[in-house]
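Hi,

Here is the structure I promised to pass on. Have a look at it first, and then read on for my notes.

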Amino acid sequence: MKVSYKWLNEYFDGKLPPVEKLEEVLTMNSSEVEGIEKVDRDYVLDVKILPNMAHSCLCHRGIAREFSVLLNLPMKKHSRDFSFPASCQINNSTEPGISILNLEIKIENPDDCRRYIGRVITGIEIRSSPEWLKKHLEAVGQRSINNLVDATNFVMLELGQPMHVFDADKIGGSLIEIKKAKIGDSLRTLDGKEIVLDDSILIISNNSKALAIAGIKGGTLAEISADTRNIVLESANFDPVLIRKTAQKIKIQTDASKRYENDLTPELAHEAMDILTKLITEIACTKDTKVGKMIDNYPRSVIKNELGVSASEVEKVLGLKISEDEIIKIFNQFGFINKKEGEQLIIEVPAERLDLRIKEDLIEEIGRVYGYDKLDGSKNIITGTKGKINKQFYYANKIKNILYDRGFSEIYGYAFAEKGDIELANSVAPEKKFLRNNLTDNSKEYLEFNARYADLIEMPQIKIFEIGKVFLKDDEHNNFIIGVKTPTSVKGLKKDQEVIKEIIVELEKELNIKLVKINKDETVAEFNFDEMVAKLPEPKEYDIEMPAVDKDMRFKKISVYPFTVRDVAVFVPENIKQEEVWNLIKNEAEPLLMKDRLFDVFTKKMPDGSAKTSYAFRLVLQSYDHTLSEEEISGVMSRITTKLNAQKDWQVR
Amino acid sequence: MNEKQEKGHIHPMTQFINRANAIFYEMGFTLVDGPELETEHYNFDALNVPKDHPARDMQDTFWIKQKEGEIERKLMRTQTSAVQIRYMQGRQPPFKMICFGKVFRNEATDATHEMVFHQLEGLMIDKDVTMEDLKSTLNIFFDKFFERNIDVRFRPSFFPFVEPGMEVDISCFKCNGGKDLKAGESCSVCKGTGWVEVAGAGMVHPKVLSGVDVDPKKWRGFAFGMGVDRIIMLKYGIDDIRLLYSGDLRLVNQF
């Protein structure tokens, strides 16, 4: 939610600390600030309000209250004064019996609508809003529409209470009913959408004509227009689940529906109606303005709750000892009315704090204000007792280690596939509609893919394995595959099927069990891993030494441009070491050198009696920002050749 | 020719869990598994995330197509916390477990978001486990994992299954919490803030405990959940999360 620094400051005498300090205080003790934007001469904080704070903090007053507590600053009730202007002649009809339009509010089900306050004002004028109001709204990204709509938005952003205004003359009577719509009813929204209603949707209606979808959006029937003279104000409260379900059903989410679905106290409606009335008369009145009394239908008023906690209960959860005096000080900072009964420090839970229901909620308030930085994180919690061995994990590692030793690479494959036994209801793509029921299908693709990069990944023969979940009807278990693929251009290596056969024999020997292949493929062998493990003995210790990543290892970015392979072989005097030759080559080939491999070494007696060693290297060249041209490649190679040939008695082959 | 067998490569995710498990095992935590295809009950209801509650919006879910007559809704688990519930059910406290595995979120994918990623979950319930024990456990783990002194800090947050709930940051393992940075320098891992967000955590909500017949008046403790992919990507400088799950040996063979 966006909040304006200037608007927040209006709750306090004097200047608030700079915005960076506010960001820090809020993020470390309340809610995360996701960003700060400079807007004109104001700052706007984008605060992440999570569901527990949303009851009371989706408004400037809620955030101001957080700062009041955390910075220990007294705050005002509102960001500005709201009062009936002296300039306008207001007939504030508070006397019983004098009401304009005889407004009547009927609530069909108090579970759906917990409170509805209606109020009539006659003789107003639609105008554009005063500058101060426009500026407040625009700072937080709200468009200014006209004085009435702006006023309702202002109150919502100030207090968190959504408000609505109807054209009183278009309602069609004096009765406002809050009830479920009938199947087949419809409503046209203010932005032209035709919404089909049914009996699960709560509407504000007159004579069964839908005026608004309760808590979400108003309809065109009684909407405000430029010649509206008389209005009905709405300040109401609805069941959060009902609003959420409806918003999802009709696919309309609004600032109002968001606040309702997070649950809001019905106690707020009265104050909101009061300040909206005053604000509207301030900015929309004429000499004929008359203000009706509030018609407040509040079937079950909210009971005040108490919540208590003892200092020792706080310590039991936090681990930190906070004294009773400290706790009471924090309660006072919050403005909680509190008392002490024996060891229990009890607060009156303010109506809007729907998040304070159990002791732990209160302990969190105490903890976050006291400061989590005060928690001691250096306790010695190691008792010497070890955990239990996980058999699955143990044998997975055993197998991985054996395969690692024999040149296999581990992959983690995708769980979603084009076909399978179990289908997703909301998949993102047709080739990802099912849960995989085997590992072979995907593995064949991975082998294909990696075969193209054999030189880049320094694997003349692609050898992979995976241990992962497969999903059959009512059966989720781990399978295990080994796959081998020789790229088509490579000759002279053992056949893929041979490698598979050999590795299976090796595994059976190491594990001392028979492996049961469950697929037909010869170059990808799949097994039921869980069944394998069931046959194996219980491990006593985690005694398998797994390879560890070099602490300083840095991932080398993968280039999207094609790579080229070139070989270079050179005869050198027998005593010359590989590194010496290599360093010269490296010097010339960098920064295009992606990979390199010594693939052949032999010593030979030359016709003249001397002994020479031949080193042959395979170079993989690639650039990060373009496709290498023939010139670039041959340029590098000829530079290498020149450099090598320049050495005494070295001869490039 | 030299017949020496060239070694293969273990996936960095496996390397992570091996190190993490070794550290937690010594601290007395048992590694536990659970299903990836979960029920709505274990993934949400038992974790105090009721239906039709905004808290459900915090995680976009992959739902399984329901068959005729099926009452319970199934999904791909959105967090490993469901395993905690399964573990506690039918067992008596104290509990000390970790769980590592895939979780699934129905989100748009890009360099930092994949539909599947890994979490490392931890749970400790006993007679008097406190938030300081949580902080200390995480401190020890991160010190050992990064093989250097790491600081841990908490920020208030909200998860339905813990109260108090918090986000956990660690001091940047690359620039030593900003201390190794020279004037004007930034850090590719922490962007110069000195801190890296790594986990959500909190004290297990009494409702969650009583839901598995553990008396919250007698027993209490903490839970934490780390997004592992992020830690690995930051540690090794991997710039695209999708590389971890696409079977691409151009990534795996670097490890």
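You'll find B:Asp213 in the loop between α5 (206–211) and β9 (220–227) of chain B. The backbone there is worth a look too: phi of B:Asp213 is near 60 degrees, a positive value in a residue other than glycine. For background, most residues other than glycine have a negative phi.

Before you go further, please keep in mind that this is a predicted model. For chain A the mean pLDDT is 91, with 98% of the residues at 70 or more. The stretch to be careful with is residues 95–99 of chain A, where the pLDDT is below 50. Beyond near neighbours in sequence, that stretch has 4 contacts in the model. Where pLDDT is low, the predicted coordinates should not be read in detail.

Now for chain A as a whole. Its secondary structure comes to 18 helices and 30 strands. The globule rule gives 26 Å for 653 residues, but the radius of gyration of chain A is 37 Å, well over that value, so chain A is more spread out than a compact globule. Along the principal axes, its C-alpha trace spans about 125 × 65 × 55 Å. Of the 653 residues in chain A, 39% count as buried. If you take the contacts in chain A with a separation of 6 or more, 68% of them come from residues 24 or more positions apart.

Chain B has 7 helices and 9 strands. Its radius of gyration is 19 Å, which agrees with the value near 18 Å that a compact globule of 255 residues would have. The box that its C-alpha atoms fill, taken along the principal axes, is roughly 60 × 45 × 40 Å. Here 52% of the 255 residues count as buried. Residues 24 or more positions apart make up 67% of the contacts in chain B with a separation of 6 or more.

The two chains touch each other. Chain A brings 89 residues to the contact and chain B brings 73 residues. On the side of chain A that touches chain B, helix α13 (residues 391–405) of chain A gives the most, with 7 residues. That side of chain A divides into 42 nonpolar, 20 polar and 27 charged residues.

Helix α1 (residues 12–26) of chain B packs against helix α6 (residues 228–236) of chain B at an angle of about 105 degrees, and their axes are 11 Å apart. That angle makes α1(B) roughly perpendicular to α6(B). The residues that meet are B:Pro12, B:Met13 and B:Phe16 from α1(B), and B:Val228, B:Ile232 and B:Tyr236 from α6(B). The residues of this contact are 6 nonpolar, no polar and no charged.

A:Lys6 sits in helix α1 (residues 5–9) of chain A. It has 18 C-beta neighbours inside 10 Å, so A:Lys6 counts as partly exposed. Leaving aside neighbours within four places in sequence, A:Lys6 is in contact with A:Asp42 and A:Ala139. The C-alpha atoms of A:Lys6 and A:Arg41 are separated by 8.8 Å, with the two residues 35 apart along the chain.

Finally, some backbone details. A:Asp40 is not a glycine, yet it has a positive phi of about 55 degrees. The loop between β2 (33–39) and β3 (42–47) of chain A holds A:Asp40, and with 10 other C-beta atoms within 10 Å this residue is exposed.

Which residues does a cis peptide bond join in chain A? They are A:Glu590 and A:Pro591, with omega about 0 degrees. A:Pro591 is in the loop between α17 (578–589) and β28 (593–605) of chain A. In chain B, a cis peptide bond joins B:Glu163 and B:Pro164, with omega about -5 degrees. B:Pro164 lies in strand β7 (residues 162–171) of chain B. Most peptide bonds are trans.

Enjoy looking around!

Note on methods. Residues numbered from 1 in each chain as written. Chains lettered and ligands numbered in written order. Predicted model: local features only at pLDDT ≥ 70, side-chain atom pairs only at ≥ 80, totals over all residues. pLDDT = per-residue confidence, 0-100. Contact = placed C-beta atoms within 7 Å. Axes fitted to C-alpha atoms, helices over the stretch in contact; angles between N-to-C directions. Helix = DSSP H or I, 4+ residues; strand = E, 2+ residues; numbered from the N terminus. Parallel < 35°, antiparallel > 145°, perpendicular 65-115°, else oblique. Nonpolar A, V, L, I, M, F, W, Y, C, P; charged D, E, K, R; others polar. Rg over C-alpha atoms; globule rule 2.2 N^0.38 Å. Buried ≥ 20, exposed ≤ 12 C-beta atoms within 10 Å, placed from the backbone.
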